[in-house]
Amino acid sequence: MPVPLPLLTLLADGRFHSGAALGDALGVTRSAVWKAVQVCSEHGIDIHSVRGKGYRLAQELDLLQQDRIVSQLDMSVRPLLGDLEIHHEIDSTSKHLLRLAADGAATGTACFAEAQTGGRGRRGRSWVSPFGSNIYLSVLWRFAQGPAALSGLSLAIGVAVLETVQALGIDGGGLKWPNDVLWNGRKLAGVLLDLSAEAGGPSTVVVGVGLNVRMPDSAALSIDQPWVDLHSLLPVAPPSRNFIAAQLLGRVLAALSEFEREGLTPFQARWARWDCLAGQPVALLLPTQRITGRAQGIDATGALLLETEGQVRAYASGEVSVRATA
């Protein structure tokens, strides 16, 4: 069932509301209110229920608003933005833009969602996407170049995401090849690219970014890897989700435009500065083999450089992890 937005609107003030008062305001029974609260829980929205007091949101709900996001974009990037959509719930922001791309949507079209029912990570993993808690963003970009010219694009977007995090006042972040943003080894954000193109013709890319802002406890139980969110890293509460969304969108648009003009070159030094694998003993998992060695950064195409048995080789894909040392 979809998120019951009328109920959340009434609870948005953070105060307790009795079931009877909520039922009167919504024109439904107290039983229907209780059922709506259960639906919220299924979507990862924590609502406290206290006998004699009623219901209250466990944390403030800060819904995304198109006008607030656009108004906070830097003037230099506003011309890069096409249409901007905000959905309360969607299967996946990237899947949605892929559908729009097939219908001719313009470059720079962007999509946010409050929740995703089918959020995706790398290699078929799911991306936990509770309602109104984090940032789920996808941007459509059309390149004149073919796929070969776009190698390293996910690294450039990773740089843009980490620079967004740093601008919010968080130090200690790192980039893990090819597209994870970490803090002390815990995942803070991820990047996923969907590419469609002819061999040498123009390319269409949908860039998906998930950024943990304030992960509800109930949703965190579904995450199978170390993670962290902005709320736990900042000494005070994070700025509004609309501000974070605007900062992230602006930097992603700028990175896409810069990459289109100059490729990976202007991002290489920035990536190297935050490369958390450089010099580390790592294992690279390929479809048919596992390779161990020492990471030596990236090359001009964004491929991982791996030193094995005294030789340095470049790998364009694979799953990499840091190996424990004796």
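User: What covers the buried residues of helix H10?

Analyst: First, a word on the model: it's predicted, so local features need pLDDT of at least 70 and side-chain atom pairs count only at pLDDT 80 or more, while totals for chains, interfaces and linings use all residues. Residues are numbered from 1 along each chain as its sequence is written, and side-chain values use heavy atoms, leaving out hydrogens and water. Buried means under 20% relative accessible area, exposed over 50% (1.4 Å probe, protein chains only). Helices (H or I, at least four residues) and strands (E, at least two) are DSSP runs, numbered from the N terminus. Here, the cover over H10's buried residues includes helix H6 (153–167), strand E6 (173–176), H9 and strand E11 (290–298).

User: Which residues of helix H10 are buried?

Analyst: In H10 (residues 265–274), they're Pro-266, Phe-267, Arg-270, Trp-271 and Trp-274. They fall within an arc of 120° seen down the axis, so they line one face of the helix; the arc is that of the directions from the helix axis to the C-beta atoms. On H10's other side, Thr-265 and Ala-269 are exposed.

User: And Ser-257: buried or exposed?

Analyst: Ser-257 sits in helix H9 and is buried, with a relative accessible area of 12%. Contact means heavy atoms within 4.5 Å. Leaving aside neighbours within four places in sequence, Ser-257 is in contact with Leu-80 and Trp-141. Ser-257 and Phe-143 are 114 residues apart in sequence and 9.6 Å apart in space, C-alpha to C-alpha.
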